[in-house]
Amino acid sequence: MSKKPGRRLLGQNRMLWLLDALERDPGRDQLIDMLGARVRALPLGRVRDVLHGTWLGHPVHPMAIHLPLGSWMSAAVLDVKPGRSRQADLLVALGLAGAAPAALSGLVDWAELRREQQRVGLVHAWANTAAVGLYGASLVMRLSGKGAKGRLLGYLGLTAVGVGGLLGGHLAYRQAAGANHAEEVPHVVRDGWHRVGGVDDFPVGEAVRCVVDDVPVLVVRESGGEVHALAERCSHLAGPLSEGTVADGCVQCPWHGSVFRLSDGWNVEGPATAPQPAFDTRVVDGHVEVRLPGDGVPDTVEGAATAGATPGTDGGRTS
């Protein structure tokens, strides 16, 4: 039978098939549970948030890997040219020095991931650990005057780094590890005020989940009457903040413990590195309304608890 013009059969990408199989394989889950518990038990204090990257606004690990990766790739280029062994040796040593903080930042992030992500992340860590071992042996050979063996081990180490990079890319771009899971909220919710329920629908101090334009929104009313609203899905891994704990003007995600300030969504504690999108709120005729800040819609309605505008599409409270 002849094929139609312009058509071709597309085979499944073998690499993606293997990676998907790795995500589904529970064979290392017991080891993952043990390692994850030990990492979370490390007495790092506030250093843990520094390693997560809460101060930076995104994970530190992708930035930290540039020093070892750049150093080792440069050493590989110099190894091709005769007479540049001293410079290559220095770069190998510099890469090894930079590997420790990169590994530690990646480890604390890995401990707070979903199970499928942890399965890929564990093999990613193994590949990079192998790379460090090979480069460590390479440096020993180089300093012992066995340059040829040192260069060979260096190239083997660079190959292991490449495998680790492939797995890291899969984690970041296919599994969305480290991505901001609340970034789309300002682009999905339409401009204007959205009614989400009556004031009495929001018990004081309790987290209530509402929906605005198909976007889950967390609403909390304080004892003084002030109402706060944040995107309900945690920016870390989309955990349900409405099931979390509200205390001291903050809400804590029930999945991985990220803490967000209710007044503006700021990520007070990690592992979340991005704040929650926060909404303006007001009360009109006994109903709570929310909108994205700075949406450009003029305020015209009188009688609101804060400056008002014509209500937009109504949202709704969900149980």
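The second largest pocket of this predicted model is lined by residues that include Arg 40, Arg 46, Arg 48, Asp 49, His 52, Glu 112, His 256 and Glu 269. About 190 Å³ of space lies in this pocket, whereas the largest pocket holds about 1200 Å³. The points below treat both pockets and then a pair of helices.

**The second largest pocket**
- Besides the residues named above, Gly 45, Gly 257, Gly 270 and Pro 271 belong to the lining of the second largest pocket.
- Helix H3 (residues 47-52) gives the largest share of this lining, namely three residues.
- By residue class, the lining of the second largest pocket comprises six charged, five polar and one nonpolar.

**The largest pocket**
- The largest pocket is lined by 47 residues, and the closest to its centre are His 61, Ile 65, Gly 106, His 124 and Asn 128.
- Two or more residues of this lining come from each of helix H4 (61-64), helix H5 (66-80), H6, H7 and helix H8 (147-174).
- The lining of the largest pocket consists of 28 nonpolar, 17 polar and two charged residues.

**Helices H6 and H7**
- The axes of helix H6 (residues 85-110) and helix H7 (residues 115-143) come within 10 Å and cross at roughly 160 degrees.
- Angles over 145 degrees count as roughly antiparallel, and H6 and H7 are therefore roughly antiparallel to each other.
- The crossing of H6 and H7 is left-handed.
- Among the residues that make the contact are Val 92, Leu 96 and Trp 110 of H6, together with Leu 122, Tyr 135 and Arg 142 of H7.
- The residues of this contact of H6 with H7 divide into ten nonpolar, three polar and two charged.

Terms used:
Residues numbered from 1 in each chain as written. Predicted model: local features only at pLDDT ≥ 70, side-chain atom pairs only at ≥ 80, totals over all residues. Heavy atoms only, no water. Axes fitted to C-alpha atoms, helices over the stretch in contact; angles between N-to-C directions. Helix = DSSP H or I, 4+ residues; strand = E, 2+ residues; numbered from the N terminus. Parallel < 35°, antiparallel > 145°, perpendicular 65-115°, else oblique. Left-handed = near helix turned anticlockwise from the far one by under 90°. Contact = heavy atoms within 4.5 Å. Nonpolar A, V, L, I, M, F, W, Y, C, P; charged D, E, K, R; others polar. 1 Å grid on protein atoms, 1.4 Å probe; cavity = no way out; pocket = protein on both sides within 12 Å on 5 of 7 lines; lining within 4 Å. Points joined across faces, edges and corners; volume = space filled by probe spheres on them.
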